[in-house]
Amino acid sequence: MKSSLLKSAGLLIIITFISKAIGFVREIIIAYYYGASFSTDAYFLAMGLISNVLYAFTTALSVAFLPLYIENKRKSRSQNFVSVSCIVTGVISIAVSGIVFVCSEGIAKLTAPSYNAQQLYYVGMYMRILAVGMLFPLFTNIFTSILNAEGSMDIRLLAGLFTA
């Protein structure tokens, strides 16, 4: 037990380090090609807003989903529970993405009141682009929770490489 815990912790540390290194390289590449401009500022603002909304949803989802999945697994209803969870998560994610997509310029004005019209346009455009992809991390989180409940954590840890 103690050996497998140390092995999992070590693997988690290594994969987290690799994930952070990939993220750092991404930032260097963006800085190299685009420099410090209002376009990159707009991108980072939009990315931060979308990431924070997404983080709130994924955290809430993981906290609520895992115990309910385990409970439904004991009652042999896990497949139905996963199906319903995916449908509900999909509908909520599409609704939130739609709201962000439609209200992106208003959200940009609210969060960056000192930006001029062109900068707000870029923030809104980046938010619309990023909002379309909100569905995928939520489903990844559902399936990661399932892998966690089933004891297949090594595969789950590799997801950190792709979300750097």
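Residues are numbered from 1 along each chain as its sequence is written. In this predicted model, local features need pLDDT of at least 70, side-chain atom pairs count only at pLDDT 80 or more, and totals for chains, interfaces and linings use all residues, while side-chain values use heavy atoms, with hydrogens and water left out.

Start with the core. The largest nonpolar core holds 25 residues. Such a core is a set of buried Ala, Val, Leu, Ile, Met, Phe, Trp, Tyr and Cys residues joined through side-chain atoms within 4.5 Å. Buried means under 20% relative accessible area, exposed over 50%, and partly exposed in between (1.4 Å probe, protein chains only). Phe65 and Ile142 touch the most other members. Helices α2, α3, α4 (117-132) and α5 (135-150) each give two or more residues to this core. Helices here are DSSP runs (H or I, at least four residues), numbered from the N terminus. The largest share, 7 residues, comes from α2. In soluble globular proteins, nonpolar side chains tend to be buried together.

Now look at Ile142. Leaving aside residues up to four places away in sequence, Ile142 touches Leu61, Phe65, Ser85, Cys86 and Thr89. Contact means heavy atoms within 4.5 Å.

Rings of Phe, Tyr and Trp (its six-membered ring) pair if their centres lie within 6.5 Å; planes under 30 degrees apart count as stacked, over 60 as edge-to-face and the rest as tilted. The structure holds 8 aromatic pairs. Tyr32 and Tyr33 form an edge-to-face pair, 5.1 Å centre to centre with 85° between the planes. Tyr32 is exposed at 67% relative accessible area, and Tyr33 is exposed at 60%. The centres of Phe65 and Tyr69 are 5.8 Å apart and their planes lie at 15°, so this pair is stacked. Both residues lie in α2, 4 residues apart, about one turn of the helix. Phe65 is buried at 3%, and Tyr69 is buried at 5%. Elsewhere, ring pairs link Tyr43, Phe44, Tyr121, Tyr122 and Tyr126 into a cluster.

What lines the second largest pocket? Its lining divides into 10 nonpolar, 3 polar and no charged residues. Helices α2 (38-74) and α3 (78-111) each supply at least two lining residues. The largest share, 7 residues, comes from α3.

Key:
Nonpolar A, V, L, I, M, F, W, Y, C, P; charged D, E, K, R; others polar.
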